[in-house]
Amino acid sequence: MAYDLCYDGWDEPFRMKVAEQLVGYKQYTKRDGGATITLERLALSPNLKPTSNHWGLQVGGAGLVALALKGDPGVDDALMTKYLEGVEKNAIAGLSRGWGDGGYFFEHSGPGWIGSSWTFLPFLQAEKVANGKDWLTPRRNASWLTMKFAAQIMPTAKGPFYPNPSPNGGYGTEEVVQNGGHHAGYFSEGFGTVRPDQAPALLWVYNHFVQPTESARYPDTVKADEQSYDAFHPLRSVLTFVNWPVDMKEQNPAEIIPRVTCDTYYGQYIFRNRWQDENDIEVAVLFGARTSDKANRVMVWGLGQRTTFGKLAPSVIDSAKGNANVSLFTPAEDGSGIVAGGGTCIAVDYSKASGADAIVAMAGPGAAPGKSNGKLKAYSLTLPSGKVELLVLAADAQPEPKVDGDKIAIGGQSISYDGKAFKLGVMAGAPKLKQ
């Protein structure tokens, strides 16, 4: 990328020397059995598999080199074309098996961003600029490598967070870090690789959930009367300069993306009631992806509370190929919804018909009693069809759920369970917006 940026500033002999070194790149590494890693190998046969966070970094890096050198004097154009074809094939493998259809990654969120950042997202952007190839329009999940953070980020007094299912592992916590190397660049890189119709939502999230706490989080970098524009690294400063939507009008994400978003390949389902402030409520459910981790597979965040719920076992046919075994998914326009997998069913109610801000119900083998804390109260109720665990979030008076025959009654809401799936008495219609 430095070669491309400095092309017109370097004299021809020096530029050609740099190009020659890039084409002839070699690095000895003990980790890979003492093999020599070359540009050819990075382009045609990267280390590990598409489900590894190392994959995207290699693929994107080789792709940027091929794009930068292709057609330049003194460079074998046929060789660069061959490398670029290999890179494109590997990029498809990454977007087909590493990341699911909603941008979730096999190794979870932190590793997924490592595989996205630095090279892979800039490569997708550069392909359109330098080679006329559009990755975003035909492949929905390409933009959702970034847009999933617009859907999930929650504001807190300490800064923006998102419900990472592996906060103590999987490379990275739930905190959205801007100066953290691998775990950064969500906006400087992201604005270049989200669809134009989605970018106003990403801008809104930065302006309202990220920027307000920047000077407090990074006092040595960001002054009180300034903002970072997500430019905490020299490379990302260049990307910010190129990508930042200076003249764009922000839009609340609720106007652009549905409140319920999902990755059906790896079984992540996000139910959110709004994008407004620290009292937003979000329920994150994960059925699939890497199953060897002790991941938090149901997380409930809202009204200042963050908790896990139940003991959901990974319900996956083949975790290496995705295919989360979800048997039911019914989303609603207001962010409510019902999802079931592996015999466990989860219902989220944001209708406020109950008098509460949110209700989360769980039944089946993954259900386990929740924990009460402040504005969040846990209940265990038994219906003729089985036991139901409830979490009730209420900013004001806490409504009391009661068993009423074969249903649970709470305010003006009713929750029924037939042993397999929940049904909400009051539930909004299907989302009008598409993910």
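Which residue of E21 stands opposite Ser416? The residue is Lys423.

This report describes a predicted model, in which local features need pLDDT of at least 70 and side-chain atom pairs count only at pLDDT 80 or more, while totals for chains, interfaces and linings use all residues. Residues are numbered from 1 along each chain as its sequence is written, and side-chain values use heavy atoms, with hydrogens and water left out.

**The sheet**

Strands E18, E19, E20 and E21 form, in that order, an open sheet of 4 strands with antiparallel pairing. Strands (E, at least two residues) and helices (H or I, at least four residues) are DSSP runs, numbered from the N terminus; two strands pair if DSSP finds at least two bridges between them. The edge strands, each of which pairs on one side only, are listed below.

| Edge strand | Residues |
|---|---|
| E18 | 402-404 |
| E21 | 422-424 |

From one strand to the next, the twist averages 30°, with axes fitted to C-alpha atoms and angles running from 0 to 180 degrees between N-to-C directions. Strand E20 (residues 413-417) is joined to E21 by 3 bridges, and the two run antiparallel.

**Arg15**

Arg15 belongs to helix H2 (residues 12-23). Its relative accessibility is 3%, so Arg15 counts as buried (under 20% relative accessible area, 1.4 Å probe, protein chains only). Leaving aside residues up to four places away in sequence, Arg15 touches Tyr3, Tyr7, Trp10, Asp72 and Pro73; contact means heavy atoms within 4.5 Å. Pro73 is 58 residues from Arg15 along the chain, and their C-alpha atoms are separated by 9.8 Å. With Tyr3, Arg15 makes a side-chain to side-chain polar contact at 3.2 Å. A polar contact is a pair of N or O atoms within 3.5 Å; within protein, one must be able to donate a hydrogen and the other to accept it, and residues adjacent in sequence count only if both atoms are side-chain atoms.

Note on methods. Buried < 20%, exposed > 50% of the residue type's maximum accessible area, 1.4 Å probe, protein only.
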